[in-house]
Amino acid sequence: RTTTMRKILSLALLLSMPLLAKNDIDIDISAAINDTNLKKLANKCDWNKGDYEACSILKDTLSAKCDEKNFESCGALGIVLIYFRREEDATKALNKACDAGLLNFCLNAGMHDLYYTGNIKRAFVNLKKVCDAAIEPSKKKLACKMSYGLEPCLNDNECNPVKKAKELLE
């Protein structure tokens, strides 16, 4: 039953991804991809619908930059990995960027923690960061709705955060 619920929530997250990321991906990615060659790779990759080799090089390059503590690259890597369907790796990269204070990646980090790692406490912290920040209104609204809605689950063993999140997204 939990697997079915996660699949439903995964679908909901993917359907909401344009709201969460696609409109802001170009902004988020361009901050990390300021190199002309990387921009060309990103265009060739076309969100994992284009040239496989370009996607692989883009991922590897962003990963190396993330390892060097270039946190914008961590966030960009996380967004790219979402499109590669590498959810666990995407969550790690997004959390690195969020932990470094890059709020533009915290909403995605929170949602991915909620759906893919089940780390409700970290998801709540990341969503609350966005809710409390002066950030783009639609991101703030969703983050506030999710963080306030999930807060009761933090101390209630009977509360199912995945079910609660589904209710909040309806």
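Predicted model: local features only at pLDDT ≥ 70, side-chain atom pairs only at ≥ 80, totals over all residues.
Overall fold. I looked up the secondary structure and found nine helices and zero strands. Of the 170 residues in the chain, 46% are buried. I then turned to contacts between residues at least 6 apart in sequence, and 52% of these join residues at least 24 apart.

Helix H8. I checked the length of H8, residues 137–150: at 1.5 Å a residue its 14 residues should span 20 Å, and the end C-alpha atoms are 20 Å apart, so the two agree. Among the buried residues of H8 I listed Leu142, Ala143, Cys144, Met146 and Leu150, and Lys139 also belongs to that buried set.

Disulfides. I counted five disulfides, and with the bonded cysteines numbered in sequence order the pairing runs 1-2, 3-4, 5-6, 7-8, 9-10. Cys66 and Cys74 are joined with their sulfur atoms 2.0 Å apart, and this link is right-handed, with 100 degrees about the S-S bond. Burial is defined as under 20% relative accessible area, so Cys66 at 5% counts as buried, and Cys74 at 0% does too.

The disulfide of Cys98 and Cys106 has an S to S distance of 2.0 Å; the link is right-handed, with 105 degrees about the S-S bond, and both cysteines are buried. For Cys153 and Cys159 I found a disulfide with the sulfur atoms 1.7 Å apart, and both of these residues are buried.

Key
Residues numbered from 1 in each chain as written. Heavy atoms only, no water. Helix = DSSP H or I, 4+ residues; strand = E, 2+ residues; numbered from the N terminus. Buried < 20%, exposed > 50% of the residue type's maximum accessible area, 1.4 Å probe, protein only. Contact = heavy atoms within 4.5 Å. Expected span 1.5 Å × (residues − 1). Disulfide = S-S within 2.5 Å.
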